[in-house]
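The sequence and the structure come first, and the text follows.

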Amino acid sequence: MDYQFPSTFAWGVATAAYQIEGAVAAEGRQNCVWDSFAALPGRIQGGDTAAIACDHYHRFPEDVAAMARLGVKHYRFSLAWPRIIPEGRGAVNEAGMDFYRRLLDALQDAGIEPHATLFHWDSPQALEDRYGSWRSREMAQDFADYTAAVVQRLGDRITSWMTMNEIHCFTHLGYGVRRQPPHAPGTLVSSPQQVWQTSHHALLAHGLACQAIRAASPRPAQVGLVDNFVPTVPLIEDKDHIQAAQRAFHLNASNGGIVVPALTGAYAPDLLESLGPAAPEIRAGDLDTIAQPLDWFGFNCYFGTYVRPTETGAGYEYLSFPKSYPRLHMPWLRIMPDCLYWGVRHLSETLGRRDLPIFITENGCAVKDRLTETGEVIDSDRIFFHRAYLRAAHRAIQEGFPLQGYFLWTLMDNFEWSYGHHRRFGLIYTDYKTLQRIPKASYYWYQRCIQHNRIV
Ligand code: GBH
């Protein structure tokens with residue numbers, strides 16, 4: 001197989017503001033919920049914080065130059081709400097906005113197209129204090145107002161927008177599900193119903209933000225949602241298993257409760273039934289607001305779940321992973337390249353949206369990178385990982401699914417949320433003592449893929 005990609009295929013890399021910028025108190029920025037979370041004992045591995053992270057805020061010219069050398073023409077990054085509207089609502093901090101203007105200038109000079117995520121988990125602490133952020137319906141309107149303020153100012157230079165990154169994560173992992181929620185704000189709410197209410201509010205915020213982008217943009221804008229829904233992968237690729245995987249897709253909570261309502265305008269009935277009294281309160285008109293027409297969908301692809309039919313045929317079961325299942329340097333990240341193919345296929349076929357362009361907005365892995373004595377990082381395991389997932393992308397395209405691009409997660413090692421600086425996902429090695437950046441073997445491999453437009 002030659003694994004050539006279509007000439008229009010978009011090769012990119014992705015980052016998120018909080019994971020790379022640092023400079024958390026610069027030029028009027030106020031805290032976000034992750035700043036407060038990181039200050040609590042025992043929440044972030046090694047007591048790490050993102051106060052400096054990669055110091056991208058000051059070193060972005062170097063990072064843009066590294067992307068230009070890499071050859072990517074597309075860059076997915078996020079904007080920090082607490083930099084732009086430090087109190088969460090009200091006055092716009094133009095000094096914070098200027099950072100993104102400088103970044104956009106540099107990207108433009110390098111011939112790299114910006115794709116901006118409006119929210120990648122950094123909720124303003126001020127709104128957490130005021131009304132409990134996503135616990136309140138007010139958050140949706142504040143997010144839409146923030147969105148409008150951004151698009152009015154940057155809409156002349158950005159035409160590709162993503163409202164939010166992974167709604168299920170920052171709501172369900174931020175409020176409950178466990179005695180110590182692994183994500184900020186880390187507030188345990190009193191009932192599962194209230195957790196579902198937080199993700200409902202985020203869906204509303206997404207819908208209102210789509211409307212705000214279209215109303216405020218001076219140029220025709222492309223609007224999408226980014227989600228890490230869980231691909232249900234047939235254990236064996238035969239008719240019965242495939243049907244079981246298609247049925248199982250809707251019942252998974254982060255599918256039936258996020259991507260399904262966002263694309264179809266209704267929560268999956270199977271899921272609502274299984275939630276019973278834990279289901280969110282849905283007001284008249286909410287579902288229409290949530291299901292705004294999208295120009296494309298962003299699929300953050302890491303792993304999925306294997307499914308097989310039950311003996312009676314009509315049912316299905318999710319299979320657990322054997323202990324020995326390969327996962328590199330992250331406990332949750334099972335290596336499962338086929339989940340990329342099945343994720344794309346389910347979006348397109350199972351949700352009946354064959355027309356909807358899809359981008360892989362994240363795909364990456366953490367490995368135990370080491371600097372050799374010669375100052376190199378030979379991450380052959382990362383190359384192995386990406387080759388395998390890209391082959392699955394190639395298959396999806398060959399079969400006619402509208403997969404149009406791939407943003408590799410991530411440009412450089414960064415602040416990996418509750419793992420702090422203890423997990424490395426980058427194509428570039430970050431030395432956290434000197435903040436020196438060292439391209440890894442995988443960087444040179446990806447450079448060649450982009451150059452030849454195929455998997456090398
Ligand atoms: C992405 O989420 C994020 O968008 C990105 O910011 C991040 O750096 C990247 O992954 C790598 O982690 O704590 O056991 O409950 C990926 C989806 C969802 C996977 C939350 C880990 C938590 C598992 N993530 N999940 S657990």
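Tryptophan 417 is found in the loop between β11 and β12. The model is a predicted one, and in it the phi of tryptophan 417 is near 45°, a positive value in a residue other than glycine. Most residues other than glycine have a negative phi, and most peptide bonds are trans. At 5% relative accessibility, tryptophan 417 counts as buried, because buried means under 20%.

Threonine 410 is also placed in the loop between β11 (403-409) and β12 (428-430). A cis peptide bond joins tryptophan 409 to threonine 410, with omega at about 15°.

**Other backbone features**

A cis peptide bond also runs from alanine 184 to proline 185, and its omega is near 0°. Proline 185 lies in the loop between α8 and α9.

Alanine 53 is not a glycine, yet its phi is positive, at about 50°. The loop that holds alanine 53 runs between α2 (33-39) and α3 (56-70). With a relative accessible area of 3%, alanine 53 is buried.

**The chain as a whole**

The chain has 16 helices and 13 strands. How does the radius of gyration of the chain agree with that of a compact globule? For 456 residues, a compact globule would have a radius of gyration near 23 Å, and the chain has 21 Å, which agrees. Along its principal axes, the C-alpha trace spans about 60 × 50 × 45 Å.

Of the 456 residues in the chain, 62% are buried. Among the contacts with a separation of 6 or more, 77% are between residues 24 or more positions apart. The chain exposes about 17000 Å², of which carbon and sulfur atoms supply 51%.

**Cysteines**

How many disulfides does the structure hold? The structure holds zero disulfides. A disulfide is a covalent bond between the sulfur atoms of two cysteines. For cysteine 210, the closest cysteine sulfur is in cysteine 169, and at 19 Å that sulfur is too far for a bond. Cysteine 301 is in no disulfide either; its nearest cysteine sulfur is that of cysteine 339, 3.6 Å away. Cysteine 210 is buried, with a relative accessible area of 0%. Cysteine 301 counts as buried too, at 0% relative accessibility.

Histidine 183 lies in the loop between α8 (167-172) and α9 (192-216). Is histidine 183 buried or exposed? Its relative accessible area is 10%, so histidine 183 is buried. Leaving aside neighbours within four places in sequence, histidine 183 is in contact with Trp34, Phe37, Trp121, Cys169, Leu173 and Gly174. One of these contacts is leucine 173. The C-alpha atoms of histidine 183 and leucine 173 are separated by 5.4 Å, and the two residues are 10 residues apart along the chain.

Valine 367 is found in the loop between β10 (358-362) and α15 (380-398). At 3% relative accessibility, valine 367 counts as buried. Leaving aside neighbours within four places in sequence, valine 367 is in contact with Leu328, His329, Asp379, Asp381, Arg382 and Arg424. Valine 367 and glycine 47 are 320 residues apart along the chain, and their C-alpha atoms are separated by 21 Å.

**Glutamine 108**

Glutamine 108 has its place in helix α5 (residues 94-110). Glutamine 108 is exposed, with a relative accessible area of 56%. Between the C-alpha atoms of glutamine 108 and valine 64, 44 residues apart along the chain, the separation is 9.9 Å.

The table lists the C-alpha separations given above.

| Residue pair | Apart along the chain | C-alpha separation |
|---|---|---|
| Histidine 183 and leucine 173 | 10 residues | 5.4 Å |
| Glutamine 108 and valine 64 | 44 residues | 9.9 Å |
| Valine 367 and glycine 47 | 320 residues | 21 Å |

Methods. Residues are numbered from 1 along each chain as its sequence is written. This is a predicted model: local features need pLDDT of at least 70, side-chain atom pairs count only at pLDDT 80 or more; totals for chains, interfaces and linings use all residues. Side-chain values use heavy atoms; hydrogens and water are left out. Helices (H or I, at least four residues) and strands (E, at least two) are DSSP runs, numbered from the N terminus. The radius of gyration is taken over C-alpha atoms; the globule rule is 2.2 Å times the number of residues to the power 0.38. Buried means under 20% relative accessible area, exposed over 50%, partly exposed in between (1.4 Å probe, protein chains only). Contact means heavy atoms within 4.5 Å. Accessible areas come from the Shrake-Rupley method with a 1.4 Å probe; for residues, only the protein chains shown count as cover. A disulfide is a pair of cysteine sulfur atoms within 2.5 Å.
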